[in-house]
Protein chains: 2
Amino acid sequence: MDVRKVVLREDEMPREWYNILADIKMNPPLGPDGNPVSPDMLAPVFPMNLIEQEVSSERWIKIPEEVLGIYKIWRPSPLVRAVNLEKALGTPARIYYKNEGVSPPGSHKPNTAVPQAYYNKVFGIKRITTETGAGQWGSALSFACSQFGLECRVYMVRVSFEQKPYRKTMMQTWGGVCVPSPSTETKAGREALEKDPNTPGSLGIAISEAVEAAVSDTSGQTRYSLGSVLNHVMLHQTVIGLEAKKQFALINEYPDIIIGCAGGGSNFAGTAFPFTLDKVNGKAIEIYPVEPAACPTLTKAPFVYDHGDTAGYTPLLPMHSLGHAFVPAPIHAGGLRYHGMAPTVSQLVNEGILTAKSVNQLECYEAGVLFARTEGHIPAPETAHAIAQAIREAKQAKEEGKAKVIFFNWSGHGCLDLGAYERYFSGALQNLEMSGEEMRAAMEIFKNYPKPANLKSR
Amino acid sequence: MDVRKVVLREDEMPREWYNILADIKMNPPLGPDGNPVSPDMLAPVFPMNLIEQEVSSERWIKIPEEVLGIYKIWRPSPLVRAVNLEKALGTPARIYYKNEGVSPPGSHKPNTAVPQAYYNKVFGIKRITTETGAGQWGSALSFACSQFGLECRVYMVRVSFEQKPYRKTMMQTWGGVCVPSPSTETKAGREALEKDPNTPGSLGIAISEAVEAAVSDTSGQTRYSLGSVLNHVMLHQTVIGLEAKKQFALINEYPDIIIGCAGGGSNFAGTAFPFTLDKVNGKAIEIYPVEPAACPTLTKAPFVYDHGDTAGYTPLLPMHSLGHAFVPAPIHAGGLRYHGMAPTVSQLVNEGILTAKSVNQLECYEAGVLFARTEGHIPAPETAHAIAQAIREAKQAKEEGKAKVIFFNWSGHGCLDLGAYERYFSGALQNLEMSGEEMRAAMEIFKNYPKPANLKSR
């Protein structure tokens with residue numbers, strides 16, 4: 001009987017996260033005055049213990065026992081060999097995926113939601129605000145807050161709020177409160193509604209609302225939490241790749257190709273960063289972040305300094321960006337509708353260490369359905385981007401007759417995305433791509449912005 | 001670091017199912033002439049290899065390698081210690097649950113869907129019909145059929161079809177076709193609609209439709225599949241309890257109380273039967289099937305001979321039954337809305353080896369929300385019945401100051417039941433209970449039916 005799932009025991013879980021800042025060179029985030037921001041400038045937004053993690057250059061950071069205790073609700077997650085998918089494709093490639101859909105909210109997001117809630121709790125915070133795209137992050141933070149008795153208020157991108165009415169109920173089940181964004185609760189939301197009362201919303205606008213709601217609480221007991229992009233978020237997610245490395249070692253395998261879908265970059269980074277160091281040190285592997293063709297941040301947009309949110313509340317971050325005013329097309333993978341990309345991922349793409357890919361909507365659903373009919377589990381539309389790329393690579397391996405090892409992160413299940421599958425089956429979905437003209441118009445915003453330096457980490 | 005999840009390796013999975021027919025005495029099913037049905041009379045409905053399992057009295061039946069291969073997509077499932085729930089209740093009890101929500105459709109149902117699809121395939125069948133209540137079974141059979149390239153047609157109880165629109169899409173994702181029942185496709189469906197055009201439907205009617213659709217296919221390539229009640233279904237589900245016994249042995253525990261929710265009886269039986277033999281042999285444990293107060297088959301209805309379906313297509317089965325014409329109130333736990341109960345479970349309740357319990361709707365949702373806020377995972381409303389009983393027992397243990405070991409089956413997740421949670425939070429749900437008058441009226445149907453004998457297994 002061949003092993004299909006490689007499972008670690010709880011006592012084999014990683015005890016430290018991997019911090020890639022120890023191994024790469026980064027442009028600093030800039031404040032309104034054009035100078036690097038200091039940690040204390042972020043203090044109204046985040047608790048200081050998380051800010052310290054954000055700027056730390058320690059390579060290994062201890063996972064607190066309290067966080068490990070909650071991780072054990074669903075971690076370690078299985079590494080699965082997709083034998084039926086391999087058979088269906090007739091490929092000589094061996095395809096593996098890490099199943100992050102086994103967590104309570106059904107995605108990788110609680111890997112960082114739990115430590116973020118923990119550090120806020122330890123710092124004396126009572127209430128956390130955040131935004132959510134597809135709803136995965138808002139659900140994960142609501143879950144994490146319920147574990148620590150914290151209040152949670154979530155601004156959810158309106159198009160996703162309407163496409164996925166049950167996400168709100170899921171958050172409510174964990175005690176969270178979910179508000180469609182743009183809302184009239186904040187200045188940023190009111191301005192967005194004034195500009196376009198029918199706006200589908202965007203992650204950029206929702207971030208502005210959540211930041212504003214946090215910093216405007218004069219009691220000082222509210223902080224904001226971000227589910228992607230920032231360094232400490234990537235750090236927490238490395239538990240995925242660190243577990244995977246142990247699992248591959250158990251079966252004497254090592255991936256030739258590593259794939260993750262990328263919206264803000266966190267599930268990709270968490271999966272890939274522990275392997276990235278090996279590549280920097282000379283290992284011949286390919287690492288692919290995969291984004292939607294409708295929001296081609298890494299594949300088409302430049303490496304620039306830009307705000308993380310639409311209203312410009314955040315520092316300027318060095319990243320690939322479509323511009324903070326850009327509102328992506330309402331594709332059914334809300335978690336990937338973000339104008340920017342994690343600075344760490346952006347830096348590594350800019351250096352050529354990572355190679356970005358993009359996939360259009362219909363290819364993703366086709367891949368998602370093939371995966372469900374072979375491997376059983378129904379993927380989230382975001383996850384289907386990674387699957388689509390893995391299938392491309394498996395077909396390529398077949399053409400080349402090479403038994404490559406393909407590894408991708410199965411970032412979450414699609415049980416709350418069945419409305420999108422319904423639309424796919426009924427033929428209502430179409431491919432959506434940014435035109436050259438749209439891209440040129442979006443780039444106007446950067447005319448007077450500072451430019452990040454071209455740093456080389458190796 | 002305390003172990004929270006007890007996980008088996010794939011090579012530790014049980015290789016045989018446990019057949020309780022080897023250890024208990026049963027009244028035979030009766031045909032239209034009042035005589036026991038012979039296996040060949042069932043041949044138009046089921047493939048002969050499954051009929052042989054249905055009537056087998058072998059104690060251990062080998063699990064085919066092909067079935068084990070597919071089980072490995074999600075099995076072995078974890079046994080989890082509910083430490084946070086224990087803390088919230090302040091109980092000295094140790095509470096464990098088996099998480100069957102990790103399967104692709106999110107419940108225990110594929111434990112039997114996969115072998116049923118396998119045996120049909122081996123027998124040369126091309127197309128399977130079935131019914132579904134909450135949608136869990138129809139999803140599971142669609143998933144199983146996709147693994148073997150079989151067609152699948154599912155008649156779904158109308159009230160659930162309307163409460164859970166995405167169940168249809170889930171089945172479609174695996175290639176299954178889902179039809180609301182009663183439909184106009186069958187004589188049984190048309191008759192039910194004639195009697196009451198606004199009927200919420202029932203499992204009894206949907207079973208009639210699916211059986212009729214199978215036996216009326218003159219090509220001989222269609223068979224019917226039942227997701228509960230029958231002996232071979234209970235047999236396949238024993239993989240749950242057999243794994244759990246191994247997991248308890250690993251941590252030197254043995255449950256004092258075993259709990260499962262019960263609609264047709266399959267997740268309960270699968271969990272409890274491997275422990276039931278120990279009880280028959282003198283072990284001092286309590287075993288509780290838990291049903292909704294709105295459908296009190298075991299707790300209030302008599303042990304009788306009754307049809308498994310509304311139209312009377314099935315043989316007369318010896319079981320606790322509310323009468324095959326009974327249409328249960330439309331509670332949000334569609335998987336427990338069945339007029340009858342597995343004959344094996346009914347026999348053991350009748351003998352006093354199992355002790356049936358019932359829980360009303362609001363207590364279940366309260367238990368479900370408490371579970372989600374402590375243990376993370378959001379349970380299906382059916383599963384919440386088992387949780388509610390486990391909480392009652394944990395509170396009892398606290399009163400008595402006893403460190404009892406409570407074990408229940410977490411039969412499935414509630415990601416597709418969030419509409420029901422939404423109604424609970426909004427105050428739209430209420431308790432529903434059968435009145436004595438309704439019970440007396442329902443019992444009229446049995447006036448001229450044969451009575452099962454009072455057999456004793458020990």
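## Close-up views of a two-chain predicted model

**View 1. Helix α10 of chain A, end to end.** Helix α10 of chain A covers residues 231–250, and at 1.5 Å a residue its 20 residues should span 28 Å; the end C-alpha atoms lie 29 Å apart, which agrees. The expected span here is 1.5 Å times one less than the number of residues. Helices (H or I, at least four residues) and strands (E, at least two) are DSSP runs, numbered from the N terminus. This is a predicted model, in which local features need pLDDT of at least 70 and side-chain atom pairs count only at pLDDT 80 or more, while totals for chains, interfaces and linings use all residues. Residues are numbered from 1 along each chain as its sequence is written, chains are lettered from A and ligands numbered from 1 in the order in which they are written, and side-chain values use heavy atoms, with hydrogens and water left out.

View 2. Of the 20 residues of α10(A), 16 are buried, so the helix is largely enclosed by the rest of the structure. Buried means under 20% relative accessible area, exposed over 50%, and partly exposed in between (1.4 Å probe, protein chains only). Just after the helix, A:Asn252 has a positive phi of about 55°.

**View 3. A salt bridge between A:Glu253 and A:Arg94.** These two side chains meet with N and O 2.5 Å apart. A:Glu253 sits in the loop between α10 and β10 (257–261) and A:Arg94 in strand β5 (residues 94–99) of chain A, so the pair ties together parts that are 159 residues apart in sequence. A:Glu253 is buried at 13% relative accessibility, whereas A:Arg94 is partly exposed at 25%. A salt bridge is a side-chain nitrogen of Lys or Arg within 4 Å of a carboxyl oxygen of Asp or Glu. The structure holds 46 of them over all chains.

**View 4. A:Phe408 and its neighbours.** Look for A:Phe408 in strand β15 (residues 405–410) of chain A. At 0% relative accessibility, A:Phe408 is buried. Leaving aside residues up to four places away in sequence, A:Phe408 touches several residues, including A:Tyr97, A:Ile259 and A:Phe371; contact means heavy atoms within 4.5 Å. A:Ile257 is 151 residues away from A:Phe408 in sequence, yet their C-alpha atoms are 8.2 Å apart.

**View 5. A:His307 in strand β12.** This histidine belongs to strand β12 (residues 303–307) of chain A and is buried, with a relative accessible area of 14%. Among the residues that A:His307 touches are A:His324, A:His339 and A:Tyr449.
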